Each structure stands twice: as structure tokens, then as C-alpha cells.
Amino acid sequence: QINNPQLIKENLKEVLTSFINQYGSHRITVVSGGALGADRLWALAAYELGVEYEIYVPTGYGEIFVLQEKTNSKWQVKENGRDLLAKWEKMLELASWVYDHNGHTQSIEQAIAGIYSRGANFRRNETLVKVSQIHIAVSNQDPRSVIKNPNWSGGTYHCIRTMKKLGVESVYWIPATATLKVTHLVDINDV
């Protein structure tokens, strides 16, 4: 859970600005997983800094994970689900490309209402890690702790473990509970 979305976005913009200064904005494409939390903030940071971004999101993700929520083992439309879906769709419209969980281009309509396949979020994580050269994690836990604790579950934790599995050596970590602008470059190679 992100405590202060504005602060996290500012941290992400600071990291992205350092990349722009080092490589030039024309050589950078931000890659986002398309979820509502840090993924959306990462895409928004890129948009606000004028950097091209791509969204990798499972087909059908919009209607399942943006519009609805699971309560008491039952899916139902979120109270603010329609507003969230409209904002999410705008994020997709502004992206340079929208890809599915396997890295194939897809329409915004497919991303919102296509047929979702079980496990697609995890396949999307693997695709994100493979296509990225620099990796960023916004998480309540230090990525090294995530790697050491295989019982922790969730998409972010899965993505961090996938980074390790695929040989990523270091990760920029922004604590999701940060109260200050802070980013750590964490070496996961030795964990």
C-alpha cells in the first residue's frame, strides 16, 4: 500500500530525471506494468517529464482489476470503479504502445475487456523484467528481504523474485511507506 502517492511520484520523477540527465530523454522509454499503484505513478511521472512510456498489461485487466475488487471471495464493482477505469483508460491512451502480458501489441479495448487468462499478471512481470534494462521497485519491503522470504506473496514480490531469477544485479528501491524523498540502489546479486 502506498501511503503518499504524490511523494512516490516525486521520487520516481527524480530517478527518471537522473536517467534523462545521463542518457537523454530521446534514448529512454519507460515500461510500466499498468496496475493502479506504483505502475500508474511511474507512467504518470514519464508523461509529466515528456518521456515516452509503454504499458504491459494482461488482456482483460481493466474490467477485472481496475473496475472490480474482491471482497468476501466475491468480485464486485468498486464504489469508484468507473472513475478509476476512466483514468486508467486515459493512461493507456497516452502510452506510445500497449502490450499484453506476453509482449504482443493489443488495443485499449482488449486491455480493458478482453478475455483474461489466469496467471497473466505473473507472465507480464516476467516480460517486464526481460524488456527492461533498469529496474525499479516500489515496495514496503527491501527487495533483498523479499528474495529471502519466499512465503510473501503478491505481484510486486513476484516481480522482484523474477528479477533475481533472470539475473538482474541491482534494483532502485523506493519504499512505498516513504515519508521523505528517498531512493536506494540495492544489490540483489548476492542474496
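Trainee: How is a pair of aromatic rings described?

Mentor: A pair of aromatic rings is described by two things, the distance of the centres and the angle of the planes. In this predicted model there are eight aromatic pairs, and one of them joins F19 and Y172, whose ring centres lie 5.5 Å apart with 75° between the planes, an edge-to-face arrangement.

Trainee: Which parts of the chain does the pair of F19 and Y172 tie together?

Mentor: F19 belongs to helix α1 (residues 5-23) while Y172 belongs to strand β7 (residues 170-175), so the pair ties together parts that are 153 residues apart in sequence. F19 counts as buried at 6% relative accessibility, whereas Y172, at 24%, counts as partly exposed.

Trainee: What is the arrangement of the rings of F65 and W75?

Mentor: Their planes stand at 85° and their centres are 5.9 Å apart, so the pair of F65 and W75 is edge-to-face. F65 lies in helix α3 and W75 in strand β4 (residues 74-77), so this pair ties together parts that are ten residues apart in sequence. F65 is partly exposed at 25% relative accessibility, and W75 is partly exposed at 38%. Ring pairs also link F65 and W75 with Y61, W88 and Y116 into a cluster.

Trainee: Where is E63 placed, and which residues does E63 touch beyond four places away in sequence?

Mentor: E63 sits in helix α3, which covers residues 61-66, and, leaving out residues up to four places away in sequence, E63 touches Q68, I112 and A113. With a relative accessible area of 36%, E63 is partly exposed.

Note on methods. Residues are numbered from 1 along each chain as its sequence is written. This is a predicted model: local features need pLDDT of at least 70, side-chain atom pairs count only at pLDDT 80 or more; totals for chains, interfaces and linings use all residues. Side-chain values use heavy atoms; hydrogens and water are left out. Helices (H or I, at least four residues) and strands (E, at least two) are DSSP runs, numbered from the N terminus. Buried means under 20% relative accessible area, exposed over 50%, partly exposed in between (1.4 Å probe, protein chains only). Contact means heavy atoms within 4.5 Å. Rings of Phe, Tyr and Trp (its six-membered ring) pair if their centres lie within 6.5 Å; planes under 30 degrees apart count as stacked, over 60 as edge-to-face and the rest as tilted.
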